[in-house]
Amino acid sequence: MAILSFLTGYIIPFVLVLSLLVFVHEMGHYLVGRWCGIRVTAFSVGFGPELVGFTDGHGTRWKLSAIPLGGYVKFFGDEDAASMPDASGLAGMSEEDKAQTLAGAKLWKRAATVAAGPIANFILSIAIFAVLFSVYGKVIADPVVAEVQPGSAALAAGVEPGDRLVALDGSRIRTFDDVRRYVSIRPDTPIVVTVERNGRDLDLPMVPKRSEVTDQFGNKVELGLIGIVTNEQRGNFRIETFTPLQAVAEGVTETGHIVTGTFRYIGNLVTGRMKADQLGGPVRVAQASGQMATLGFAAVVQLAAVLSVSIGLLNLMPVPVLDGGHLVFYAIEAIRGRPLGAGAQEIAFRIGLAMVLSLMVFATFNDISNLIG
C-alpha cells in the first residue's frame, strides 16, 4: 500500500510533468530542424531502451523510453543523442545528403535548431501562466505594512506599521509580492527601501537577513527577509483579472521573474550568500511534484511552468553536450570562419557529459541527504 501511495503521489506526477516539459523542449528542436530542411531520425521522450514507438512517413522513430529523466532528438548524421557529428559517416555522404544533416546545415540553421528547444520551454512557461491568469486571475495585496517583526532589518531601519513600500533600490513596486520576490533573493545584500509615510517618501537602507523558513510541506528553504507582514485589512487582498492579452504580458513578466531569480540565486551561490544544498535534482523535483499534486491541478501546472523555465535555462548553460555548449561552438565557428576540429569537439563533449553527470549526482545526493536529515 505504501509503495502504491508513493507511486501515485510522487512518481506519476513527476513523470507526467517532466515528460511534458521534455516533449515541448524536443519538439522545439524537431519543428525548427524540419523547417530548416534537417532530417530527424529519432524523437525520444526518455533515455535507454525503447518501451513503445512507431516510425512515421519521414523516417523519424517516435518513441517512449524507459528512463524518464530527459529526452532527445537525433538528427541525420549525428553519432549519438547529444548531436555529436558522425565524422566518418559524414565523410562518405553525398552533398545532397550532407545538406540534410545538422552538421552540414548552414550555421544560422544549426543555431536556430539548437536554440529552439530552450525557447520552446520559455514559450510554454509564458503560455501556462497566461492561461492560469486568464482563468483564475491573480491574488494581490498592496505593499502596506501591518506589522514589523521584532529584531528584524525593517525595525532597525525605522519601518513602521502603516508605511507603504513604493520602491526597492529605486525601482517602483506595485504589490506586496513584488517586495517578497525582490528581498528573498538578496540575503545579506544592502538594499534601500523607499516607504511613503504621511505623504512623504523616505529612503530606508537595510540588509535582508538570511533566514531559514519552513513551507507548508515541511521543506526548509533559505531566503532573505526584512521582517514585515501585511494583512487583509492593510493589504486590501483581492483577485486581479486579466484580458487574454494582459494575461500573456503578465506571463512574460512572471517568466522573467523566474529567470532573474535563477541568475540571482546562482550569483548568491558564487558569493557564498546561499548554500549549494538548495540545488534540487530528480528526487526533489519528484517530491515537489507530489506535494503540488495535493494542492490541485492548478498548482501542478504552475510548478510545470517554473520547471519549464529551469529546463530552458539549464540547457542554455555553456557546457558541451547541452544546447548552450552547441551555441558556443557555433559562435566560435562564426568568429574563426570554420568549425572546431572533430577531435576537439569530441573531447569537449566528453568533458561536458562528465560535468552534467557530476552535477546530477551532486544534486541527487543533496536531495537524499535532505530527505534523511
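View 1. A search of the whole structure, which is a predicted model, finds eight aromatic pairs, where rings of Phe, Tyr and Trp (its six-membered ring) pair if their centres lie within 6.5 Å, and planes under 30 degrees apart count as stacked, over 60 as edge-to-face and the rest as tilted. Phe-23 and Phe-43 make a tilted pair, with 5.6 Å from centre to centre and 55 degrees between the planes. This pair links distant parts of the chain, since Phe-23 belongs to helix α1 and Phe-43 to strand β1, 20 residues apart; helices (H or I, at least four residues) and strands (E, at least two) are DSSP runs numbered from the N terminus. Tyr-30 and Phe-43 form an edge-to-face pair, at 6.0 Å centre to centre and 80 degrees between the planes. Phe-23, Tyr-30, Phe-43 and Trp-62 form one aromatic cluster.

**View 2. The largest nonpolar core.** This core has 43 residues, and those with the most contacts inside it are Leu-21, Tyr-30, Phe-43 and Ile-128; a nonpolar core is a set of buried Ala, Val, Leu, Ile, Met, Phe, Trp, Tyr and Cys residues joined through side-chain atoms within 4.5 Å. Among the elements that give two or more residues to this core are α1 (2–35), β1 (40–55), β2 (61–75) and α4 (107–136). Apart from this core lies another, of 20 residues, among them Val-148, Ala-157, Ile-191 and Ile-226.

**View 3. Surroundings of Val-22.** Val-22 lies in helix α1 and is buried, with a relative accessible area of 8%. Not counting residues up to four places away in sequence, Val-22 touches Val-45, Gly-70 and Gly-71, where contact means heavy atoms within 4.5 Å. Val-22 and Ile-311 are 289 residues apart in sequence, yet their C-alpha atoms are 8.5 Å apart in space.

**Notes on the model.** Residues are numbered from 1 along each chain as its sequence is written, and side-chain values use heavy atoms, with hydrogens and water left out. In this predicted model, local features need pLDDT of at least 70 and side-chain atom pairs count only at pLDDT 80 or more, while totals for chains, interfaces and linings use all residues.

Technical notes
Buried means under 20% relative accessible area, exposed over 50%, partly exposed in between (1.4 Å probe, protein chains only).
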